[in-house]
Amino acid sequence: MEKPQTDPMATVEGLSGKASAALGRRVFMRYIGATAAAGVALSACHSELVDPAVTGSGRAGDAIDLGDIGSNDVNVLNYAYALEQLEAAFYTQAAMMPYSGITDAERKILTDIRDHEIVHRELFKAALGSAAIPGLTPNFSSINFNSRASVLGTARVFENIGVSAYNGAGQYIRTPDYLVLAGKIVSVEARHAAIIATLLEPMGTAFAGDNVIFPSTGLEEIRNPEEVLSLVKPYVQEILNGRNGRR
Amino acid sequence: MNLQNILTEIEKVDGDALGRIEHMSRRSIFQSLLKKTVAGAGAAAFAGVLNKTYAQSSSVADVLNYALTLEYLEAEFYNMSLAAPGLIPMAAMPYYQQIAKHENAHVALLKSALGSAAVPKPTFDFTAGGAFGTVFTNVQTNYALANAFEDTGVRAYKGQATNLMSAPAILTVALQIHSVEARHAAQIRYLRGYPGWIVNAQENGLPQAIYSGEDNVTQGGVNLAAAFPNINQLRITEAFDEPLTMQQVLAIAGPFIKSLNR
């Protein structure tokens, strides 16, 4: 059965051509000293409104290679770290620049989610230590932060991608504790996805719609890393590469 | 109800059975199930794959039967709620119908996967011996129980993830159910006027056991409350859903199970 295409990012062009070019000139980034130092500063000076990850320690145009996502836990964690960075940066900006007509309830939801995503991001950063990829520089130029439809629509896309990415990557994880940790996070992302969707479409089934849950099995969609990275690519200034696990 | 039976049954975890499964066959199942089209194709594909490879593995079957028992409970709860005249208001109908559709699909999927090894549907008592006597006449009681079952379901699946690591295809399916339960949970909580996520171990009028441990702030060995003093500690607890063991879940679900019918 064909899924209804309600996901505006589903039409984004695949990575294929650009990815292989990027792989040819890929740069392995292991910011051992720099990232660790940045991490300390980041933890020490984190405040409600100034989120250091928005500036990032990576640079636009840099290639960041996540490697074969299935080959070891560091790669899976960095994959999750990349997605959490993007989400945290998005909600930080959305909370800083509330859209026109935002209600108190909506503002609370967006700031709650922002904090959840920041906590997720910082946890992965801490867990990865010197193996962490650099801070990403978001590209949110396609988002109108003054528009409710644009902000919540993008939030919905990010949450759906996040859930499908975690669901697809769970089986790559080798360390039981990390699998449990991913499980603790993915269900919170799914809660976000449901609430954001219900803000957009309060009266229907959008919270767990047929566009993301296969109606015949009741299973949520899964995406492999290459699909996920091609979907998030327009939102990141660095060139984020990674390959599907071949476990 | 014989809770001890189900506990004993479920605890027969045979790690060796998993080890016996040949690596290459696991790998090919994993690859075919990873494809969305196959995962969406219906219960039959999943069942076929499962029956062939996991027939000998008692521990995977046990986990799936545990999941099936919880899905039976949820499906029957929503079916009965929808059938109760005038109970669910129009506004909540689409939520209940969608959730019921998913829970019934989960039952069908797990049943067909398990084949003859599937446990029969228990006889449920949604009043839990009278404690929730108005479950099908008072909509707030009904929402509260829906909330209880969904949040428990999320924690139950999460608690089994590591038991499925040797069976990546099954693990993926379990994760795909797990996130759907979380979506349901969020929506029902929202319907009740609560945040979609679990704040601390706040039980919101439900049995405290459902939220036991949800106030945890230490993840991956890092005390996040200490590490990030500028972030409200409540947000830290919300950011992670905690697992429950089978014993904890069965203690919660037990009062609603009148007979296992085995």
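Residues are numbered from 1 along each chain as its sequence is written, and chains are lettered from A, with ligands numbered from 1, in the order in which they are written. Because the model is predicted, local features need pLDDT of at least 70 and side-chain atom pairs count only at pLDDT 80 or more, while totals for chains, interfaces and linings use all residues; side-chain values use heavy atoms, with hydrogens and water left out.

View 1. Read from the N terminus, the elements of chain A follow the order α-α-β-α-α-α-α-β-β-α-β. Of its 247 residues, 60% count as buried, the term buried standing for under 20% relative accessible area, exposed for over 50% and partly exposed for values in between, with a 1.4 Å probe and protein chains only. Among contacts between residues at least 6 apart in sequence, 84% join residues at least 24 apart in chain A, and the corresponding value in chain B is 77%; a contact here means heavy atoms within 4.5 Å.

**View 2. Packing of helices H3 and H5 in chain A.** Two packed helices are described by the angle between their axes and the distance between the axes. Helix H3 (residues 73–96) of chain A packs against helix H5 (residues 148–169) of chain A at an angle of about 165°, with the axes 11 Å apart; axes are lines fitted to C-alpha atoms, for helices over the stretch in contact, and angles run from 0 to 180 degrees between N-to-C directions. H3(A) is therefore roughly antiparallel to H5(A), in a scheme where angles under 35 degrees count as roughly parallel, over 145 as roughly antiparallel, 65 to 115 as roughly perpendicular and the rest as oblique. The residues of the contact between H3(A) and H5(A) divide into 14 nonpolar, one polar and three charged, with Ala, Val, Leu, Ile, Met, Phe, Trp, Tyr, Cys and Pro counted as nonpolar, Asp, Glu, Lys and Arg as charged, and the others, Gly among them, as polar.

**View 3. Surroundings of Ala80(A).** Ala80(A) lies in helix H3 of chain A and is buried, with a relative accessible area of 7%. Leaving aside neighbours within four places in sequence, Ala80(A) is in contact with Phe124(A) and Tyr166(A). Ala80(A) and Tyr166(A) are 86 residues apart in sequence, yet their C-alpha atoms are 7.6 Å apart in space.

**View 4. Packing of helices H4 and H5 in chain A.** Helix H4 (residues 104–128) of chain A and H5(A) pack at an angle of about 35°, with their axes 13 Å apart, and their crossing is left-handed. The contact is made by Glu106(A), Leu110(A), Ile113(A), Glu117(A) and Phe124(A) of H4(A) together with Arg148(A), Val151(A), Leu152(A), Glu159(A) and Tyr166(A) of H5(A). By class, this contact of H4(A) with H5(A) has six nonpolar, no polar and four charged residues.

**View 5. Ser164(A) and its polar contact.** Ser164(A), which is placed in helix H5 of chain A, counts as buried at 0% relative accessibility. The side chains of Ser164(A) and Arg223(A) are joined by a polar contact of 2.9 Å, a polar contact being a pair of N or O atoms within 3.5 Å in which, within protein, one must be able to donate a hydrogen and the other to accept it, and residues adjacent in sequence count only if both atoms are side-chain atoms. Not counting residues up to four places away in sequence, Ser164(A) touches Glu221(A), Ile222(A) and Arg223(A).

**View 6. The enclosed helix H7 of chain A.** Helix H7 (residues 225–232) of chain A is largely enclosed by the rest of the structure, because six of its eight residues are buried. The buried residues of H7(A) are Pro225(A), Val228(A), Leu229(A), Ser230(A), Leu231(A) and Val232(A), and what covers them includes strand E1 (63–68), H3, H5 and strand E4 (239–243) of chain A.

Note on methods
Helix = DSSP H or I, 4+ residues; strand = E, 2+ residues; numbered from the N terminus. Left-handed = near helix turned anticlockwise from the far one by under 90°.
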